[in-house]
Amino acid sequence: MRKRQQNRSFMPVMLVIIAVITVISICLVAILGFSAIRYIADTPILANTNIPVFAETTDSVEVGGYAEEPPDWIIMFPEPEIEYEELPYVPNATYVPYIPNATHNFPAPSPFALLPFYIVENSQAYAYFHVERPYLDYEEVVWKVNVFLHVPFYSEIRIDNNPNPLLVSPAFRLPYYFTPAELVPVNEDNPNIMATPATVEAFRSLRTAAIADGLDIAAVSGYRPASRQRVIFGNQSDPYRVPAAVARPYHSEHQTGRAIDLWGPTPSGLLDATGPPSAVGLWVAANAHYHGFIVRYTAENSHITSFISEPWHITYVGREIAKYIVNNNLSSLEEFVGRNPGVTLP
Ligand SMILES: [Zn+2]
């Protein structure tokens, strides 16, 4: 009798123990399953995506084995953050990746991870930016985060250590003391205007085509060292306004030797920026890409580039990329790089 009673009094205790073990098991299975999903979500789909390698710090950077220090005058220009403004977006329905190296054979939990230009390191930023701007589609979220357009201009700056950097912008600056590997005069008789050999060759091709169409173009500015850029930048009445007219030192395409400013029949001596565009301006906008140039700053992409419309400023990116940007109606070089991370100049 006693034994039986003892057994009965143990029954509820046993039931409680079994219940606790069951709950713990369910929790363990749930935690393991969740971890597996997180692992898949954070695993890069493209093993062969070339992610650009940038220096971790903007204070110093290794170039040719020497630790670089910023020139003294850099501290004269504290860089205020500028709020990013959003404009309506028209998706490119017929977009085809520039490098078709993407193959996705299994469903990924993150919608961003399905895109060929997804970068695993940015997965959190994609999620935050998407919550912040729910009206953007996945592609726009991803390419904008890839080129730091999800944060205010100049609030996050990366140094591109590529000897021939493709994108120079508020978010991507050149290393201190950057100079192009080679510079040649744009016009044989004027050594004051220099550019890289490929840029000069493309410019001569563009000019020959313009002359054949009964127009003429001339270069008024090419390569500019950072010291010169600093003077031009500092001479403005309001250097930090956005959209900007003059790039900050180390953020200017002119320092790459691949940007050319074109002469125009205006008081400033540049192609028209206000009023109806000139015949030369229209011709350049329609033909530059056949020769490897893009009109870098337009009224439509001002909110992406941070610069005013500059119909005179053309940038050499090579025929392949220039034609690709125009044929795919990409808004900007930022969008091209954001959609094709790791792509370098040919
Ligand atoms: Zn320019």
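Arginine 207 is partly exposed, because 19 other C-beta atoms lie within 10 Å of its own, where a residue counts as buried with 20 or more such atoms, as exposed with 12 or fewer, and as partly exposed in between, the C-beta atoms being placed from the backbone. The structure is a predicted model, in which local features need pLDDT of at least 70 and side-chain atom pairs count only at pLDDT 80 or more, whereas totals for chains, interfaces and linings use all residues. Residues are numbered from 1 along each chain as its sequence is written.

Arginine 207 belongs to helix H4 (residues 197-212), helices (H or I, at least four residues) and strands (E, at least two) being DSSP runs numbered from the N terminus. The C-alpha atom of arginine 207 is separated by 9.8 Å from that of alanine 288, a residue 81 positions apart from it along the chain.

An open sheet is formed by four strands in the order S7-S8-S10-S9, with antiparallel pairing; strands are taken to pair if DSSP finds at least two bridges between them. Strand S7 (219-221) and strand S9 (293-297) stand at the edges with a single partner strand each, so that one side of each is left without a neighbour in the sheet. On average, neighbouring strands of this sheet are turned by 45° against each other, direction ignored. S9 is joined to strand S10 (residues 310-316) by four bridges in an antiparallel arrangement, and isoleucine 294 stands opposite threonine 315 in S10. H4 lies across S7, strand S8 (259-262), S9 and S10, and runs at about 130° to S10, axes being lines fitted to C-alpha atoms, for helices over the stretch in contact, and angles running from 0 to 180 degrees between N-to-C directions. Helix H6 (residues 279-287) also packs on the sheet, where it touches S8, S9 and S10 and makes about 30° with the direction of S10; residues are in contact if their C-beta atoms, placed from the backbone, lie within 7 Å.

A further antiparallel pair consists of strand S5 (residues 184-187) and strand S6 (residues 190-195), joined by three bridges. S5 and S6 form a hairpin with two residues between them, and proline 185 has methionine 194 in S6 as its bridge partner.

In helix H2 (residues 123-132), the buried residues include Ala125, Tyr126, Phe129 and His130. These residues lie on the same side of H2, because they cover an arc of only 130° around the axis, the arc being that of the directions from the helix axis to the C-beta atoms. The buried residues of H2 pack against helix H3 (138-146), while the face turned away from the buried side carries the exposed residues Gln124, Tyr128, Val131 and Glu132.

How values were computed. Contact = placed C-beta atoms within 7 Å.
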